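Let's take a friendly tour of a protein and its ligand. Have a look at the structure first, and then we will go through it step by step.

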Amino acid sequence: MDIAIKIITGDCLNLMKNMDEGSIDLIVTDPPYNLAKDYGNNSDSREHQEYLEFSSAWLKEAARLLKPTGTIYVFMGMRYISYIYKILEVDLGFKFNSWITWHYTQGIGKTKGFSPRHDDILMFTKSERFTFNLDDIRIPQKTFRSVNNMRGANPGNVWEFSHVHYCQNNRQSHPTQKPEALFERMILASSNIGDTVLDPFCGAGGSLRVCQQTQRNGVGLEINPNYVELIKERLAQPFTGFDSLDERLTRVPNDLNDPKFRREYLKNHIEWFLKYHPDAIKKFQDSVNKKYLTNEQRYFDFNQ
Ligand SMILES: C[S@@+](CC[C@H](N)C(=O)[O-])C[C@H]1O[C@@H](n2cnc3c(N)ncnc32)[C@H](O)[C@@H]1O
(Lines give C-alpha, C1' and ligand atoms only; values in the text may rest on other atoms or scores of the structure.)
Protein backbone atom coordinates (compact mmCIF):
# COMPACT_ATOMS: atom_id res chain seq x y z
CA MET A 1 0.00 0.00 0.00
CA ASP A 2 1.23 3.51 -0.86
CA ILE A 3 1.29 5.80 2.12
CA ALA A 4 2.49 9.39 2.48
CA ILE A 5 4.40 11.09 5.24
CA LYS A 6 3.94 14.88 5.30
CA ILE A 7 6.03 17.14 7.49
CA ILE A 8 4.93 20.76 7.69
CA THR A 9 6.95 23.53 9.32
CA GLY A 10 4.97 26.06 11.35
CA ASP A 11 2.81 26.76 14.37
CA CYS A 12 0.42 23.86 14.74
CA LEU A 13 -2.39 26.15 15.84
CA ASN A 14 -2.41 27.90 12.46
CA LEU A 15 -1.68 24.75 10.47
CA MET A 16 -4.44 22.70 12.08
CA LYS A 17 -6.99 25.42 11.32
CA ASN A 18 -6.30 24.85 7.61
CA MET A 19 -6.85 21.10 7.77
CA ASP A 20 -10.17 19.43 6.96
CA GLU A 21 -12.63 18.60 9.73
CA GLY A 22 -12.90 14.85 10.36
CA SER A 23 -9.83 14.00 8.27
CA ILE A 24 -7.70 12.29 10.94
CA ASP A 25 -8.04 8.77 12.39
CA LEU A 26 -5.57 9.09 15.23
CA ILE A 27 -3.62 11.83 17.01
CA VAL A 28 -0.51 10.91 18.98
CA THR A 29 1.39 13.82 20.39
CA ASP A 30 3.87 14.99 22.94
CA PRO A 31 3.38 18.74 23.37
CA PRO A 32 5.79 20.99 25.29
CA TYR A 33 5.16 20.39 29.04
CA ASN A 34 5.88 24.02 30.07
CA LEU A 35 9.10 22.97 31.76
CA ALA A 36 11.35 25.60 30.14
CA LYS A 37 13.01 23.12 27.76
CA ASP A 38 15.09 24.65 25.01
CA TYR A 39 13.40 23.90 21.68
CA GLY A 40 15.34 26.56 19.82
CA ASN A 41 12.91 28.99 18.25
CA ASN A 42 9.90 28.58 20.59
CA SER A 43 9.19 29.12 24.25
CA ASP A 44 8.39 26.32 26.68
CA SER A 45 7.94 28.76 29.51
CA ARG A 46 4.49 30.29 29.62
CA GLU A 47 2.49 31.78 32.48
CA HIS A 48 0.16 29.18 33.99
CA GLN A 49 -3.02 30.65 32.47
CA GLU A 50 -1.38 31.22 29.11
CA TYR A 51 -0.27 27.55 28.98
CA LEU A 52 -3.81 26.40 29.72
CA GLU A 53 -5.18 28.62 26.96
CA PHE A 54 -2.58 27.31 24.51
CA SER A 55 -3.49 23.71 25.48
CA SER A 56 -7.23 24.38 25.11
CA ALA A 57 -6.71 25.98 21.72
CA TRP A 58 -4.73 23.12 20.11
CA LEU A 59 -6.89 20.42 21.72
CA LYS A 60 -10.01 22.12 20.35
CA GLU A 61 -8.53 21.93 16.86
CA ALA A 62 -7.55 18.30 17.49
CA ALA A 63 -11.19 17.52 18.35
CA ARG A 64 -12.37 19.16 15.13
CA LEU A 65 -9.91 17.20 12.98
CA LEU A 66 -10.56 13.76 14.46
CA LYS A 67 -13.10 11.46 12.83
CA PRO A 68 -16.02 10.37 15.06
CA THR A 69 -14.21 7.02 15.42
CA GLY A 70 -10.89 8.69 16.23
CA THR A 71 -8.57 8.41 19.22
CA ILE A 72 -6.14 10.87 20.79
CA TYR A 73 -3.06 10.10 22.93
CA VAL A 74 -1.46 13.06 24.71
CA PHE A 75 1.84 12.80 26.61
CA MET A 76 2.05 15.04 29.64
CA GLY A 77 4.14 15.66 32.75
CA MET A 78 2.67 15.63 36.25
CA ARG A 79 2.31 19.39 36.62
CA TYR A 80 -0.34 19.81 33.91
CA ILE A 81 -1.86 16.41 33.31
CA SER A 82 -4.95 17.02 35.44
CA TYR A 83 -5.71 20.18 33.47
CA ILE A 84 -5.32 18.36 30.14
CA TYR A 85 -7.63 15.63 31.42
CA LYS A 86 -10.26 18.21 32.33
CA ILE A 87 -10.03 19.96 28.95
CA LEU A 88 -10.42 16.65 27.10
CA GLU A 89 -13.28 15.25 29.15
CA VAL A 90 -15.22 18.24 30.42
CA ASP A 91 -14.61 20.97 27.84
CA LEU A 92 -14.38 18.87 24.68
CA GLY A 93 -16.55 15.85 25.52
CA PHE A 94 -13.99 13.14 24.75
CA LYS A 95 -14.47 9.67 26.30
CA PHE A 96 -11.79 8.60 28.75
CA ASN A 97 -10.14 5.28 27.90
CA SER A 98 -6.73 4.88 29.55
CA TRP A 99 -4.17 6.66 31.71
CA ILE A 100 -0.87 5.13 30.66
CA THR A 101 2.29 5.47 32.71
CA TRP A 102 5.54 5.42 30.81
CA HIS A 103 8.18 4.18 33.28
CA TYR A 104 11.49 5.27 31.80
CA THR A 105 13.67 3.48 34.38
CA GLN A 106 16.50 6.05 34.54
CA GLY A 107 16.52 9.83 34.71
CA ILE A 108 17.58 12.92 36.58
CA GLY A 109 18.28 12.71 40.29
CA LYS A 110 16.66 14.85 43.00
CA THR A 111 18.26 15.47 46.37
CA LYS A 112 15.12 16.77 48.11
CA GLY A 113 12.22 14.57 47.07
CA PHE A 114 11.87 11.50 44.87
CA SER A 115 13.56 11.37 41.48
CA PRO A 116 10.98 11.36 38.69
CA ARG A 117 10.75 8.09 36.74
CA HIS A 118 7.58 8.42 34.70
CA ASP A 119 5.66 10.51 32.22
CA ASP A 120 2.03 9.84 31.52
CA ILE A 121 -0.07 9.51 28.41
CA LEU A 122 -3.81 10.13 28.30
CA MET A 123 -5.84 8.11 25.81
CA PHE A 124 -9.31 9.46 24.99
CA THR A 125 -11.67 8.55 22.16
CA LYS A 126 -14.09 10.76 20.31
CA SER A 127 -16.97 8.31 20.81
CA GLU A 128 -17.66 4.80 22.08
CA ARG A 129 -16.94 3.39 18.60
CA PHE A 130 -13.18 3.29 17.99
CA THR A 131 -10.37 1.05 16.69
CA PHE A 132 -8.43 -1.07 19.16
CA ASN A 133 -6.25 -3.83 17.66
CA LEU A 134 -5.34 -5.78 20.77
CA ASP A 135 -3.79 -8.62 18.77
CA ASP A 136 -1.22 -6.23 17.32
CA ILE A 137 0.15 -5.15 20.69
CA ARG A 138 -0.05 -8.22 22.90
CA ILE A 139 2.89 -9.36 25.01
CA PRO A 140 4.01 -12.99 25.47
CA GLN A 141 2.53 -15.05 28.30
CA LYS A 142 4.83 -15.89 31.22
CA THR A 143 3.82 -19.55 31.26
CA PHE A 144 2.48 -22.08 28.79
CA ARG A 145 -0.91 -23.38 29.94
CA SER A 146 -3.66 -24.80 27.78
CA VAL A 147 -6.05 -22.28 29.38
CA ASN A 148 -3.79 -19.31 28.51
CA ASN A 149 -4.23 -17.48 25.27
CA MET A 150 -0.76 -18.08 23.86
CA ARG A 151 -1.34 -15.31 21.34
CA GLY A 152 -0.40 -13.13 24.30
CA ALA A 153 -1.68 -10.86 27.03
CA ASN A 154 -2.77 -7.23 27.15
CA PRO A 155 0.36 -5.11 27.88
CA GLY A 156 -1.41 -3.17 30.63
CA ASN A 157 -1.19 0.56 31.31
CA VAL A 158 2.33 0.70 32.79
CA TRP A 159 4.81 0.70 29.94
CA GLU A 160 8.49 0.26 30.63
CA PHE A 161 10.77 1.55 27.89
CA SER A 162 14.15 3.13 28.37
CA HIS A 163 14.95 6.53 26.90
CA VAL A 164 16.99 6.56 23.71
CA HIS A 165 20.46 7.11 25.16
CA TYR A 166 23.12 9.41 23.74
CA CYS A 167 25.29 6.45 22.70
CA GLN A 168 22.50 4.85 20.59
CA ASN A 169 22.53 5.22 16.80
CA ASN A 170 19.01 6.55 16.65
CA ARG A 171 19.57 9.31 19.22
CA GLN A 172 18.61 12.60 17.58
CA SER A 173 19.66 16.11 18.39
CA HIS A 174 16.43 16.95 20.24
CA PRO A 175 16.08 17.51 24.00
CA THR A 176 12.95 15.41 24.58
CA GLN A 177 13.10 12.62 22.01
CA LYS A 178 10.67 9.80 22.92
CA PRO A 179 11.30 6.12 22.11
CA GLU A 180 9.73 4.88 18.89
CA ALA A 181 8.38 1.84 20.71
CA LEU A 182 5.92 4.05 22.63
CA PHE A 183 4.48 5.35 19.38
CA GLU A 184 4.55 1.84 17.93
CA ARG A 185 2.16 0.56 20.59
CA MET A 186 -0.27 3.47 20.27
CA ILE A 187 -0.30 3.50 16.48
CA LEU A 188 -0.66 -0.26 16.05
CA ALA A 189 -3.44 -0.38 18.66
CA SER A 190 -5.47 2.61 17.55
CA SER A 191 -5.18 2.78 13.77
CA ASN A 192 -5.19 0.50 10.75
CA ILE A 193 -2.95 0.26 7.69
CA GLY A 194 -3.71 3.20 5.40
CA ASP A 195 -5.20 5.37 8.18
CA THR A 196 -4.01 8.93 8.77
CA VAL A 197 -2.14 9.78 11.96
CA LEU A 198 -1.40 13.37 13.05
CA ASP A 199 1.33 14.55 15.42
CA PRO A 200 1.02 18.35 15.87
CA PHE A 201 4.26 18.61 17.93
CA CYS A 202 6.38 16.05 16.14
CA GLY A 203 9.84 17.09 17.43
CA ALA A 204 12.43 14.61 16.18
CA GLY A 205 9.77 12.63 14.30
CA GLY A 206 9.51 9.32 16.18
CA SER A 207 5.77 9.12 15.50
CA LEU A 208 6.37 9.66 11.76
CA ARG A 209 9.05 6.97 11.65
CA VAL A 210 6.52 4.53 13.11
CA CYS A 211 3.86 5.61 10.59
CA GLN A 212 6.34 5.10 7.77
CA GLN A 213 7.25 1.58 8.87
CA THR A 214 3.72 0.44 9.79
CA GLN A 215 2.06 1.78 6.63
CA ARG A 216 0.05 4.62 8.07
CA ASN A 217 -0.17 8.05 6.46
CA GLY A 218 1.60 10.45 8.79
CA VAL A 219 1.19 14.21 9.17
CA GLY A 220 3.75 15.89 11.39
CA LEU A 221 3.71 19.57 12.37
CA GLU A 222 6.77 21.19 13.90
CA ILE A 223 7.59 24.83 14.51
CA ASN A 224 11.39 24.49 14.47
CA PRO A 225 12.73 24.09 10.90
CA ASN A 226 15.95 22.48 12.17
CA TYR A 227 13.93 19.59 13.61
CA VAL A 228 12.07 19.24 10.32
CA GLU A 229 15.38 18.76 8.51
CA LEU A 230 16.42 16.22 11.13
CA ILE A 231 13.17 14.26 10.60
CA LYS A 232 13.71 14.13 6.84
CA GLU A 233 17.15 12.60 7.38
CA ARG A 234 15.78 10.18 9.95
CA LEU A 235 13.05 8.95 7.61
CA ALA A 236 15.64 8.25 4.90
CA GLN A 237 17.62 5.84 7.13
CA PRO A 238 17.37 2.06 6.59
CA PHE A 239 15.09 0.33 9.11
CA THR A 240 16.70 -2.02 11.64
CA GLY A 241 13.92 -2.12 14.23
CA PHE A 242 12.19 0.48 16.40
CA ASP A 243 14.33 1.88 19.16
CA SER A 244 13.67 0.81 22.75
CA LEU A 245 11.98 -2.48 23.59
CA ASP A 246 9.46 -3.72 26.14
CA GLU A 247 11.70 -6.43 27.62
CA ARG A 248 8.66 -8.70 28.03
CA LEU A 249 8.58 -9.13 24.25
CA THR A 250 11.65 -11.35 24.29
CA ARG A 251 10.58 -13.50 27.23
CA VAL A 252 10.17 -17.21 26.64
CA PRO A 253 7.18 -18.78 28.38
CA ASN A 254 7.92 -21.34 31.10
CA ASP A 255 6.58 -24.88 30.88
CA LEU A 256 6.78 -25.17 27.10
CA ASN A 257 7.98 -28.71 27.66
CA ASP A 258 6.22 -30.55 24.87
CA PRO A 259 8.58 -30.21 21.86
CA LYS A 260 5.65 -30.15 19.44
CA PHE A 261 3.94 -27.20 21.12
CA ARG A 262 7.25 -25.52 21.72
CA ARG A 263 8.27 -25.63 18.08
CA GLU A 264 4.96 -24.20 16.92
CA TYR A 265 4.89 -21.51 19.60
CA LEU A 266 8.47 -20.33 19.04
CA LYS A 267 7.94 -19.76 15.36
CA ASN A 268 4.80 -17.76 16.04
CA HIS A 269 6.49 -15.72 18.75
CA ILE A 270 8.75 -13.90 16.30
CA GLU A 271 5.89 -13.07 13.96
CA TRP A 272 3.52 -12.05 16.75
CA PHE A 273 5.80 -10.04 19.03
CA LEU A 274 9.03 -9.11 17.27
CA LYS A 275 7.77 -8.06 13.85
CA TYR A 276 9.17 -4.53 14.22
CA HIS A 277 12.17 -5.54 16.37
CA PRO A 278 14.35 -7.73 14.12
CA ASP A 279 17.37 -6.65 16.17
CA ALA A 280 15.87 -8.41 19.25
CA ILE A 281 15.38 -11.84 17.60
CA LYS A 282 18.87 -13.03 18.48
CA LYS A 283 18.30 -12.25 22.17
CA PHE A 284 15.02 -14.16 22.08
CA GLN A 285 16.64 -17.17 20.38
CA ASP A 286 19.43 -17.21 22.96
CA SER A 287 16.86 -17.19 25.79
CA VAL A 288 15.01 -20.10 24.16
CA ASN A 289 18.16 -22.13 23.90
CA LYS A 290 19.20 -21.32 27.47
CA LYS A 291 15.82 -22.26 28.90
CA TYR A 292 15.13 -25.43 26.89
CA LEU A 293 18.60 -26.74 26.12
CA THR A 294 18.46 -29.30 28.91
CA ASN A 295 15.17 -30.70 27.63
CA GLU A 296 16.35 -31.59 24.18
CA GLN A 297 20.11 -31.34 24.72
CA ARG A 298 20.49 -29.33 21.56
CA TYR A 299 19.83 -25.86 20.30
CA PHE A 300 16.44 -25.11 18.81
CA ASP A 301 16.71 -24.74 15.06
CA PHE A 302 14.48 -21.82 14.09
CA ASN A 303 14.70 -22.78 10.42
CA GLN A 304 13.17 -26.22 10.81
C1 LIG B 1 8.05 17.52 23.63
S2 LIG B 1 8.68 17.95 22.08
C3 LIG B 1 8.20 16.59 21.04
C4 LIG B 1 9.23 15.51 21.01
C5 LIG B 1 8.87 14.36 20.08
N6 LIG B 1 7.76 13.59 20.58
C7 LIG B 1 10.04 13.44 19.85
O8 LIG B 1 9.97 12.23 20.17
O9 LIG B 1 11.05 13.91 19.35
C10 LIG B 1 7.62 19.22 21.59
C11 LIG B 1 7.93 19.81 20.22
O12 LIG B 1 6.90 20.74 19.88
C13 LIG B 1 7.47 21.79 19.12
N14 LIG B 1 6.53 22.94 19.23
C15 LIG B 1 6.36 23.80 20.25
N16 LIG B 1 5.35 24.65 20.00
C17 LIG B 1 4.86 24.32 18.80
C18 LIG B 1 3.80 24.81 18.00
N19 LIG B 1 3.04 25.83 18.41
N20 LIG B 1 3.55 24.22 16.82
C21 LIG B 1 4.31 23.17 16.38
N22 LIG B 1 5.33 22.67 17.09
C23 LIG B 1 5.60 23.22 18.29
C24 LIG B 1 8.84 22.01 19.76
O25 LIG B 1 9.74 22.63 18.88
C26 LIG B 1 9.24 20.57 20.13
O27 LIG B 1 10.03 19.99 19.11
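A polar contact is a pair of N or O atoms within 3.5 Å. Keep that cut-off in mind as we look at the ligand in this predicted model.

**Around the ligand**

The ligand is surrounded by 21 residues, and D30, H174, K178, A204 and E222 are the closest. Sorted by class, this shell contains 11 nonpolar, six polar and four charged residues. Here are some side chains with a polar atom close to a ligand atom:

| Residue | Ligand atom | Distance |
|---|---|---|
| D11 | nitrogen | 3.0 Å |
| H174 | oxygen | 2.8 Å |
| E222 | oxygen | 2.6 Å |

How much of the ligand does the protein bury? On its own the ligand exposes 610 Å², and the protein buries 98% of that.

**Aromatic rings**

Next, the rings: the structure has 16 aromatic pairs. In one of them, Y51 and Y80 are tilted, with 4.4 Å from centre to centre and 55° between the planes. Y51 belongs to helix α2 (residues 48-65) and Y80 to helix α3 (residues 78-91), so this pair ties together parts 29 residues apart in sequence.

Y80 also pairs with Y83, again tilted, at 5.8 Å centre to centre and 50° between the planes. Both Y80 and Y83 lie in helix α3, three residues apart, or about one turn of the helix.

Is Y80 buried or exposed? Its relative accessibility is 5%, so Y80 counts as buried, while Y83, at 31%, counts as partly exposed. Ring pairs join Y51, F54, W58, Y80, Y83 and F201 into a cluster.

**Charges over rings**

Finally, the charged end of R185 sits over the ring of W159, 5.0 Å from its centre. The charged end of K260 sits over the ring of F261, 5.1 Å from its centre.

How values were computed
Residues are numbered from 1 along each chain as its sequence is written. This is a predicted model: local features need pLDDT of at least 70, side-chain atom pairs count only at pLDDT 80 or more; totals for chains, interfaces and linings use all residues. Side-chain values use heavy atoms; hydrogens and water are left out. A residue is near a molecule or strand if one of its heavy atoms lies within 4 Å of it. A polar contact is a pair of N or O atoms within 3.5 Å; within protein, one must be able to donate a hydrogen and the other to accept it, and residues adjacent in sequence count only if both atoms are side-chain atoms. Accessible areas come from the Shrake-Rupley method with a 1.4 Å probe; for residues, only the protein chains shown count as cover. Ala, Val, Leu, Ile, Met, Phe, Trp, Tyr, Cys and Pro count as nonpolar, Asp, Glu, Lys and Arg as charged, and the others, Gly among them, as polar. Rings of Phe, Tyr and Trp (its six-membered ring) pair if their centres lie within 6.5 Å; planes under 30 degrees apart count as stacked, over 60 as edge-to-face and the rest as tilted. Helices (H or I, at least four residues) and strands (E, at least two) are DSSP runs, numbered from the N terminus. Buried means under 20% relative accessible area, exposed over 50%, partly exposed in between (1.4 Å probe, protein chains only). A charge sits over a ring if NZ of Lys or CZ of Arg is within 6 Å of the ring centre and within 35 degrees of the ring normal.
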